[in-house]
Amino acid sequence: MWKIKRGKAGGHKVFLRLLVPNLLFLLLPLLVGWVIYNQTLQEMEKEVTAGNISMLQQSRDILDRRLAEISSIAMQLVGDTRIMQFQHITEPFQGSNINRILDTRKSLNNYSLTNNFIFNFFIVYKNSELVFTENSTYKLPEFYNNFRYGQMELDKWKQMMVGDYHQRDVLPVQSVTINGTAYSLMTYIHSLGYPGYPQGAVVITVDNREIQKLLGGLKPSGEGWAYIIDDTGQILTSTASNAPTSWIDRSKLLGKQGNMLETIDNQQMMVTYTNSSYNGWTYLVAQPASIVLKKVLYIKKITFTMAFVFLALGLLIAYLLAYRNSRPLSTIMDTIIDRMDGDAYSEPDAYRFIRDSVAKLIDNNRELQDKMKKQAPFLQAALFERLLKGDFLSTKDTPVLLQHVGIEAQGNCFAVAILQLRGYESGFDRSLLEELDVKRVKIKDILRREFQGNIYWHDVAEDQFALLFAFASSKTETNVSYLNEMLPHVLELIQQQVHVAICLAAGNMYDELLNVSRSYEEARQTLEYLTWRNQIGVMSYNELPQEQSGYFYPSDLEMRLSNLAKAGEWEAVETLLQELYQINFEERRLSVPMLQLFMNEMLGTVVKLLPQVQMDEWSVMERMKQLPAEAASYEGLKKNFASLTNVYRQVCSFVNDHKKSQNVQLLESIVTRLHEGFAYADLSLDSVADQLGISKGYLSQFFKEQTGVNFSDYLEDLRMTQAKELLVRTDLPVYEIALRVGYSSSNTFCRAFKRLNGVSTTAFRGSHPS
């Protein structure tokens, strides 16, 4: 057993040798931490200010959209011929004008105001002093008595509204008294007529409370102010009527967005601003810097406190580690020897032994990785081919398996295309194969460059390979449009740069990776059609001539349906059955004889499936029998399909029950072998896996999933339980007990016993007298 032998002087030297490096290592992280701390504070300040700008931009975008809606409504009103006809009328309430007024009033109901920012709208005419509102019609004096802008006189208000020509002008928020109630409104004006000849105006008022709600969200602390300034520098609105404005200087607001520190009323404020590209307005928020940077200041305080605590604790820990370092070194040595089934290590240099052991482990790991890299292309090809054939069954495991071999097929939509190099149908020789190799490399470089990592390929034959497209977007139409645009473009590049005729056949887009096999089958059918027609170029499966008189039950879908049923994946089976029902019974509306053929083939699939899952086919098929009168009718066939669906449900349930039973049997078999053979030193994960005919990786994962503990830990605990019983109940020597519980070396047994129980075998036996 490895020990550190030292006297007083030697112990002091070892202590100093271990303490000094610990102190140096303690100071080094402190210095590095100080640098990182300063950088972190700067980054956090940037993050906080960037967050404020982002919130401000969101509020700006919301208000821009609302203003755009208001502008759209105003333009609709201005362009309405029924509204335009009153521009030059001076006596609106005479003759046929009354009917026109009624007709115009009705037309205003067609303008649905779903914008919650809009308070109301009205149309005022200069010549007739006629005013249309949403609910009534007024003469201007009567209207202004119920809709007064502050203390402004009627003539001044009229001059403001219809005296000058306005084009999408917005007036600052001001108090408007409506039927005796005061409101704070922003006014949007668009004139009728032409520049220099205003004939009236469409006026839309915006409720300032809604704007203040939006701006109020920019001040989570409730302190500070928010402003909206138009392109002339005029303040349109703010979150408070008493908000200070003298400090605002647009010349300081550099760029389209940013932030700065400004002293306002003897208080340092963080000012954040952004400009609107829609109307040139400036959105500005001023908040106390102590609140905006509260998190940064808090972290600074906590960091300084923790640094001093860490330094004090670090000195104490460094001392303790240096003083007691022999124990962890001994534990590491024991663990290495136990795991490597080695003997006691007698050399004095423990660090060298650990270094050599770790180096050996790394070398073995690298050797294993090199072997895996050499096998990776073969594994990739095999798994890719399984994916195209539809052999994968689990939606959860498929991406993991592909990622394990370096295929990152992550996405929400998938499609497959087959690219074939034409002109090689007559056969190959050595020169042609070399030529094909060069052209394939060039084509793959073009595909990699144009699709930028969203494509994977698999060589199907010497002159063709399958392309798998994975899209992060879940919008199928967008992805299909992208492919329809890119495939002809890529085809043209290949023809120009590689000088070869190309057929590119594309299958449909699907939202699950497991449906890639269907897309591949569609691409293959499309390629066969192009070959039969002796055509080159791009063609999608949807462009194939559709034959609707026959039933839909392709061989790849039949294979996938059987595989899913054999795996017990009921949800996926049900989805496929529903799709088959929808296509054949609803979309194609096949004749009864054709549906009978379809059902017969479906029934044939079930007949072939039942023996494969070892299920009693006669008892199941009895449930499929229909009355003769029903079997020849559409309704009878629908009932047959429902019965067939129930059969698949029973098959999946049977398979899942069988799986559970097999898992229980396998676990019992493993535990039995451990309890019966733990006394044999050669009992291990490898030996049990060989006995059961399964891989050790699967055995390890299965055992951990079923019991919650690792295989090696379970075996070690089993051996220690038996060893403790022998120590207490017998007088056998320790080496004999070690052999009886499966240890080839008493030293290895003693180290393992002390590591697990915290005491030596001698101390344990002494504390439990027989």
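How many bridges join β4 to strand β5 (residues 169-178)? The answer is three, and the two strands run antiparallel. Before going on, a word on what we are looking at. This is a predicted model, in which local features need pLDDT of at least 70 and side-chain atom pairs count only at pLDDT 80 or more, while totals for chains, interfaces and linings use all residues. Residues are numbered from 1 along each chain as its sequence is written, and side-chain values use heavy atoms, with hydrogens and water left out.

Some terms for the sheets. Helices (H or I, at least four residues) and strands (E, at least two) are DSSP runs, numbered from the N terminus. Two strands pair if DSSP finds at least two bridges between them.

Back to β4 and β5. Tyr149 has Val176 in β5 as its bridge partner. Both strands belong to an open sheet of seven, with the order β3-β2-β1-β7-β6-β5-β4 and antiparallel pairing. β3 (137-139) and β4 (147-149) are at the edges with a single partner strand each, so one side of each has no neighbour in the sheet. On average, neighbouring strands here are turned by 35° against each other, direction ignored. For the angles that follow, axes are lines fitted to C-alpha atoms, for helices over the stretch in contact, and angles run from 0 to 180 degrees between N-to-C directions.

Helix α3 (residues 97-108) touches β1 (118-125), β2 (130-133) and β3, and its direction makes about 35° with that of β2. Helix α5 (residues 154-163) touches β1, β4, β5, β6 (181-194) and β7 (197-207), and its direction makes about 105° with that of β7.

Strand β10 (residues 257-264) is joined to strand β11 (residues 267-275) by eight bridges, and the two run antiparallel. Gly258 has Tyr273 in β11 as its bridge partner. The two strands form a hairpin with two residues between them, and Asp265 in the turn has a positive phi of about 50°. β11 also pairs with strand β12 (residues 282-288), over seven bridges in the antiparallel sense. There, Thr274 has Tyr283 in β12 as its bridge partner. This hairpin has six residues between its strands, and Gly280 takes a positive phi near 80°.

Now helix against helix. Helix α20 (residues 634-677) packs on helix α22 (residues 696-707) at an angle of about 100°, with the axes 11 Å apart. That makes α20 roughly perpendicular to α22, a term for angles of 65 to 115 degrees. Among the residues that meet are Leu667 and Ile670 in α20 and Phe702 and Phe703 in α22. The contact has nine nonpolar residues, three polar and no charged. Here Ala, Val, Leu, Ile, Met, Phe, Trp, Tyr, Cys and Pro count as nonpolar, Asp, Glu, Lys and Arg as charged, and the others, Gly among them, as polar.

What about helix α15 (residues 555-567) and helix α17 (residues 592-612)? They pack at an angle of about 35°, with their axes 11 Å apart. Glu558, Ser562, Ala565 and Lys566 in α15 meet residues of α17 including Glu601 and Lys608.

Last, helix α16 (residues 570-587). Tyr581 and Phe585 are four residues apart in α16, which means about one helical turn separates them.

Definitions and conventions
Angles under 35 degrees count as roughly parallel, over 145 as roughly antiparallel, 65 to 115 as roughly perpendicular and the rest as oblique. Contact means heavy atoms within 4.5 Å.
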